[in-house]
Amino acid sequence: MPNMSLKKNEMPSQSSDVRNKNYEEVALGYTEALALDEAARCLNCKNMPCVSGCPVNIKIPHFIKKITEGDYEGAYQIIAESSSLPAVCGRVCPQESQCEAKCVRGIKGEPVGIGRLERFAADWHNEHSDEAPVRPAPNGHRAAVIGSGPSGLTCAGDLAKLGYDVTVFEALHTPGGVLVYGIPEFRLPKAIVKKEIDTLRALGVKIETNTVVGKAVTIDELFEDEGFEAVYVGTGAGLPRFMGIPGENLCGVYSANEFLTRINLMKAYRDGADTPIAHAKNVAVVGGGNVAMDAARCAKRLGAENVYIVYRRGEEELPARAEEVEHAKEEGIIFRLLSNPVEILPDENGNAARMTCVRMGLGEPDDSGRRRPVVIEGSEFTIDADCVIMAIGTSPNPLIRSTTEGLECAKWGGIITDENGATSRPGVYAGGDAVTGAATVILAMGAGKTAAAAIDRYIRDGAKAE
Ligand SMILES: Cc1cc2nc3c(=O)[nH]c(=O)nc-3n(C[C@H](O)[C@H](O)[C@H](O)COP(=O)(O)OP(=O)(O)OC[C@H]3O[C@@H](n4cnc5c(N)ncnc54)[C@H](O)[C@@H]3O)c2cc1C
């Protein structure tokens, strides 16, 4: 008998006034009893609408059924057929707008907690199984992947499973992309990412860190000198945007990328860390997405008394995941909605001290379908801010496009591809944020998966023609 409760089982989590002072994971994961109870809410629909909401098409009802049978490893194996990063996706995917948005239980109540169950199965596997994946027989072909974010890792994993000799080139000293330098430890522990990367290494994927493609080696050289037959570009969108307002060059003003990298990758919050970070009293984070929520919650953990989210639209338009907004509020982040900064003002030493903002109203919907923010004249107000963090978006770094002949890109910098990830340059494929602009982990993974299949067809067809 299905469990007909209208509500999802709550996720156990650290209490808000404890967790806003530490970097340990906030959400603690379902216990076995909670997972069994939640799995029993799934109606196992024949037409599986939830699967169509998942960009990598995980057979969701099938893995949930395995959980109801107590076969947690079986559940994990079903997820792993479609996803190379199950423990990551179970934690950070925006399930509410994807698989769970299609769940029929959501019509008259809350949808099944699909993400929470995915996390349960992945964590169970990580705790109980240390079996190395079976390394496929080599097929004699070589492929290169640039960037070790979720898109590059997925492409690399899928190619390795097909027997390719795959090398991932990563600019930073640690693989993982945004999963390690952007998303904080309290949302996605680095040990989880490392474990998933170790699984890919066990499949035979080689990862060369500290290698900036476009500087250390070009795409042309990867083909001509190193003998790769195809290249996948998964270099993300790591170039931060700024507003262009007066005062953005003051000390104490960061891009969210820099602020989060200092904290997550360089552990600047630890006593004696080599990397410095501002320990400000009043922090204003500009933006309303996941990046803004992460920066605000990190600033709180660094000891700030007041942390403001300054966002030009309203609550309904906040692009961050609902759960992250909720968590930020519980942790004491102050939301200054319908507000837009116009100037950052210095103290007598030239450091950021205050920020002048204007109040905004909402007009007619714009191209994105959200109501357009409009300035309310004469509504200036000031907030104290000795640290300002800009989290208003990012775009792809121009390095790859400026060093690769014949790679067609859009005006805003994104690489142009067809639906299979093929670029204008034969043998070069691309996906993830480098193509779409800043998006989500699961979309980046989906693109890596699609491109891996296309690269396989491209190389096999080339091999047949010889
Ligand atoms: C703070 C933050 C929080 C987020 N939270 C969420 C969330 O909760 N849920 C969600 O779904 N999405 C979230 N996102 C978005 C998500 O992380 C990205 O959409 C996703 O990581 C994109 O994956 P990618 O592989 O395309 O790029 P990335 O993860 O950016 O990885 C690209 C990699 O390429 C490397 N690289 C770049 N240029 C070169 C070069 N020339 N040579 C070699 N290597 C290079 C970079 O160093 C990086 O490691 C968040 C993003 C940020 C910044």
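Let's start in the loop between helix H2 (32-39) and helix H3 (49-52), where Asn 44 lies. Phi of Asn 44 is positive, near 55°, although the residue is not a glycine. Asn 44 is also exposed, because 12 other C-beta atoms lie within 10 Å of its own and residues with 12 or fewer count as exposed. Please keep in mind that this is a predicted model.

- Leu 338 sits in the loop between strand S9 (334-336) and strand S10 (339-346).
- Phi of Leu 338 is positive as well, about 50°, and this residue is not a glycine either.
- As background, most residues other than glycine have a negative phi.

**Domains**
- The domain assignment divides the protein chain into domain 1 (16-128), domain 2 (142-238 + 395-465) and domain 3 (242-392).
- Between domain 1 and domain 3, the C-alpha centres are 32 Å apart.
- Eight residues from domain 1 and nine residues from domain 3 make up the contact.
- On the side of domain 1 that touches domain 3, three residues are nonpolar, two are polar and three are charged.

**The largest nonpolar core**
- The largest nonpolar core holds 129 residues, and Ala 121, Tyr 232, Val 285, Ala 295, Val 388 and Ile 389 have the most contacts inside it.
- Helix H17 (residues 441-465) supplies the largest share of this core, 11 residues.
- Beyond its neighbours up to four places away in sequence, Ala 121 touches Phe 63, Ile 67, Tyr 72, Ala 75, Tyr 76, Ile 79 and Pro 86.
- In general terms, nonpolar side chains tend to be buried together in soluble globular proteins.

- Val 88 belongs to helix H6 (residues 86-92) and is buried, with 26 other C-beta atoms within 10 Å.
- Setting aside neighbours within four places in sequence, the contacts of Val 88 are Leu 179, Leu 188, Ile 192, Val 193, Glu 196 and Val 441.
- Glu 100 has its place in the loop between H6 and helix H7 (114-128).
- Glu 100 is buried too, with 24 other C-beta atoms within 10 Å.
- Not counting residues up to four places away in sequence, Glu 100 touches Gln 95, Gly 106, Pro 111 and Ile 114.

**Helix H14**
- Which residues of helix H14 (residues 322-330) are buried? They are Glu 324, Val 325, His 327 and Ala 328.
- Viewed down the axis of H14, these buried residues fall within an arc of 165°, so they line one face of the helix.
- H13 is among the elements that cover the buried residues of H14.
- After H14 comes Gly 332, with a positive phi near 95°.

How values were computed. Residues numbered from 1 in each chain as written. Predicted model: local features only at pLDDT ≥ 70, side-chain atom pairs only at ≥ 80, totals over all residues. Core = buried A, V, L, I, M, F, W, Y, C linked by C-beta atoms within 7 Å. Buried ≥ 20, exposed ≤ 12 C-beta atoms within 10 Å, placed from the backbone. Helix = DSSP H or I, 4+ residues; strand = E, 2+ residues; numbered from the N terminus. Contact = placed C-beta atoms within 7 Å. Domains from an automatic or database assignment. Nonpolar A, V, L, I, M, F, W, Y, C, P; charged D, E, K, R; others polar. Arc of directions from axis to C-beta.
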